[in-house]
Amino acid sequence: MTFQVIAVDKLTPHPKHVRPNGEPSQRLLASVAARGVEEALDVVPNPQEDGSFWIVEGRRRWLAACKTGRPEVRCVVHWDLDEASQHLLQYLANDSETRLNHTERQQTLALTFAIGAGATRKEARSQLGLKAKEVQQHIHAGRLSDAGYQRATQAFEGYQPSILEQAILAEFEDDEEATERLLRGRRYREPMEAVAENIRKERADEAEHERLLAAFSTAGVPVTDDLPDGAVELDRLRVDDERDDGEHSESSGESDEAEDFLDSELHSKCPGRGVHFPYDLTEPVEYCTDPVQYGHGFADARVGQRMRMRAELVEAGETVTENLPPGGWRVDQLRDKDGQELTPENHRQCPGARVFVTAYGPPGAVYYCTSPEQYGHRSRTGRAARTEGAETTYVPPRDLVVRANREWLTAAKARRVFLAQLLRRRTAPTGTMAFLADQLLVMPGPVRAGLGNWRSESLFREFTGKSLTEAKEEAQRATTGRLHTLILAEYVAAMEYEIADIGDRRNTWRTDRANPYCTRDEASAYLKFLKDKAGHKPVAIEKAVILKVRYTGTDPDQEAVEGGTALAAAEDGSALRAVEAGTGQDAAADGAAESVAAAANEHVGQPGGGEGDGDSRPHETPDETPGDVAAEAA
């Protein structure tokens with residue numbers, strides 16, 4: 001056995017090489033072009049041609065040298081190796097026990113050490129065949145300490161964080177709460193980059209919220225958690241009460257003169273000035289605590305009539321609330337303990353006496369008792385007016401609403417990156433046309449309202465890279481598979497606008513308040529298709545909509561494992577066992593798909609296989625204001 005430098009034209013692969021096919025990777029080509037073949041080839045003399053050699057091990061390195069113009073390569077020549085030993089050499093050279101490749105973590109550390117020793121990013125790109133983004137991810141991942149990496153691998157059995165995940169963990173390593181959220185989300189198959197984006201947005205929003213609170217405090221503006229009883233937000237008010245006589249349109253509820261509307265500047269001197277943050281920590285909404293007292297007009301005459309009636313009731317000494325609370329009974333449905341029918345007058349001394357003003361139709365006062373059984377009342381039918389077990393409406397806490405609104409919009413942003421990949425393909429996912437046929441027969445609200453709409457057309461262009469006119473021209477020559485993709489793109493654009501865009505559309509995730517443009521069931525069917533057929537990997541809040549369960553801020557998969565019943569109740573008894581066994585709703589996306597997903601536009605899912613060529617009503621509260629996933633750890 002000797003070491004020699006041999007011309008590439010004197011080398012040919014062994015005629016019985018076990019891996020006769022396969023081209024060198026772009027990374028190998030770049031490395032050989034920059035540094036030559038650094039690991040010597042194993043060769044034996046060619047018995048059919050003097051001075052030539054057969055390659056026993058190193059065929060791809062030889063091909064890379066040929067393709068990059070390297071005239072010669074270093075070789076280990078095995079002069080006396082018989083044929084049997086030649087094949088044993090092939091085995092040993094590729095045996096996983098004798099030739100162990102670096103893990104991703106070890107590769108990251110090697111590159112980090114090289115950069116630390118003076119290598120430039122340009123050298124890393126050129127010599128290793130890496131893209132600039134890949135080098136940057138390796139550098140960020142290299143900042144994760146050994147202890148941090150060890151903690152991640154121990155988070156759950158078999159977990160080895162990818163380069164991207166190591167970079168994210170390094171970014172949040174000093175933040176215990178954030179690290180726990182990242183690893184918990186990853187355990188339940190929630191893409192770590194999506195969780196990280198939510199955390200970054202939360203921290204930025206919290207900082208901006210503190211700045212706004214300080215500014216309001218300096219200006220002497222009270223900040224409340226909720227809209228106080230009797231208060232009205234400024235976008236429903238006018239500057240003064242002079243023309244609030246019902247002459248403006250009942251159908252539109254708006255004044256003809258937009259300049260009459262009350263804004264923050266015009267309201268700055270009013271004693272009733274206040275602000276709250278109903279939807280987002282960075283979006284303050286100003287209100288007036290008592291617009292009737294302070295002489296403001298109303299954009300909607302009906303609201304004005306209602307608020308004046310409310311003010312009169314308060315002045316008369318009544319306790320006024322916004323609506324009938326759970327367990328409350330209307331007075332006109334009750335008798336007292338002596339059998340006498342209750343009226344507002346004879347019920348006024350009861351501790352449970354309350355009144356609210358109706359929000360629909362002509363305003364009217366509705367008197368009620370908060371707890372009729374407690375105060376000795378019975379229903380007029382003779383039954384006890386029991387309050388225990390009364391149906392209640394779940395209202396999520398304000399901090400969850402703010403957080404989940406942010407998560408829903410972040411999820412939509414990530415999903416649309418995924419859709420822009422999916423809808424530029426030449427074929428649609430398998431099962432697309434059956435699903436679309438069902439949707440067109442059912443005609444969900446977003447489809448009725450959105451097909452061909454100018455608002456959904458902008459999303460169509462975002463997803464396909466084409467206008468509707470350009471897509472129509474493409475359809476004239478497109479294959480059947482591509483036609484299916486274009487039809488799917490039109491449907492998706494309509495759904496995406498109505499599911500998570502402006503105003504009440506952000507309510508889609510909620511069970512207590514509806515999106516009037518897209519019901520939760522319609523959104524569930526759409527997202528379930530993306531998950532089951534297209535390969536989208538939903539985050540926690542999307543899973544809750546898919547499963548038609550209440551979103552509590554926790555991944556439904558986690559609730560199923562740790563004592564909840566959401567997933568098990570929504571699907572079947574095997575669901576919980578599936579999650580525990582690692583074969584739950586996202587288990588179809590295996591490790592390879594996850595790594596591809598992370599590399600593909602840094603999104604949370606990978607478009608699925610191709611289909612080839614061959615009830616809730618809107619929450620009725622008119623007096624309330626309607627309500628690039630970062631792949632790199634910067």
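Contact here means heavy atoms within 4.5 Å. In this predicted model, Leu 419 touches Phe 463, Val 492, Glu 496, Tyr 526 and Leu 530, leaving out residues up to four places away in sequence. Leu 419 also belongs to the largest nonpolar core, which has 45 residues. Within that core, Leu 419, Tyr 491 and Tyr 526 touch the most other members.

Which elements give two or more residues to this core? They are helix H13 (398-422), helix H14 (432-442), helix H16 (454-464), helix H18 (480-500), helix H19 (520-534) and helix H20 (540-547). H18 supplies the largest share, 10 residues.

Two of these helices, H13 and H20, also pack against each other. Two packed helices are described by the angle between their axes and the distance between the axes. For H13 and H20 the angle is about 90 degrees and the axes are 8 Å apart. Angles of 65 to 115 degrees count as roughly perpendicular, so H13 is roughly perpendicular to H20. On the H13 side, the residues that meet H20 are Ala 404, Glu 407, Trp 408, Ala 411 and Arg 415. On the H20 side they are Ile 541, Glu 542 and Val 545. By type, the residues of this contact divide into 5 nonpolar and 3 charged, with no polar ones.

The loop between H16 and helix H17 (468-475) holds Ser 467. Is Ser 467 buried or exposed? Its relative accessibility is 8%, and buried means under 20%, so Ser 467 counts as buried. Apart from neighbours within four places in sequence, Ser 467 is in contact with Glu 457, Phe 460 and Arg 461.

Elsewhere in the chain, helix H8 (residues 163-171) is mostly covered, with 8 of its 9 residues buried. The buried residues of H8 are Ile 163, Leu 164, Glu 165, Gln 166, Ala 167, Ile 168, Leu 169 and Ala 170.

The last point is confidence. The chain has a mean pLDDT of 81, and 82% of its residues reach 70 or more. Over residues 243-258, however, pLDDT stays under 50, and the model has 30 contacts beyond four places in sequence for this stretch. Residues 564-606 also have pLDDT below 50, with 81 contacts in the model beyond near neighbours in sequence. Where pLDDT is low, the predicted coordinates should not be read in detail.

How values were computed. Residues are numbered from 1 along each chain as its sequence is written. This is a predicted model: local features need pLDDT of at least 70, side-chain atom pairs count only at pLDDT 80 or more; totals for chains, interfaces and linings use all residues. Side-chain values use heavy atoms; hydrogens and water are left out. A nonpolar core is a set of buried Ala, Val, Leu, Ile, Met, Phe, Trp, Tyr and Cys residues joined through side-chain atoms within 4.5 Å. Buried means under 20% relative accessible area, exposed over 50%, partly exposed in between (1.4 Å probe, protein chains only). Helices (H or I, at least four residues) and strands (E, at least two) are DSSP runs, numbered from the N terminus. Axes are lines fitted to C-alpha atoms, for helices over the stretch in contact, and angles run from 0 to 180 degrees between N-to-C directions. Angles under 35 degrees count as roughly parallel, over 145 as roughly antiparallel, 65 to 115 as roughly perpendicular and the rest as oblique. Ala, Val, Leu, Ile, Met, Phe, Trp, Tyr, Cys and Pro count as nonpolar, Asp, Glu, Lys and Arg as charged, and the others, Gly among them, as polar. pLDDT is the predictor's confidence in each residue, from 0 to 100.
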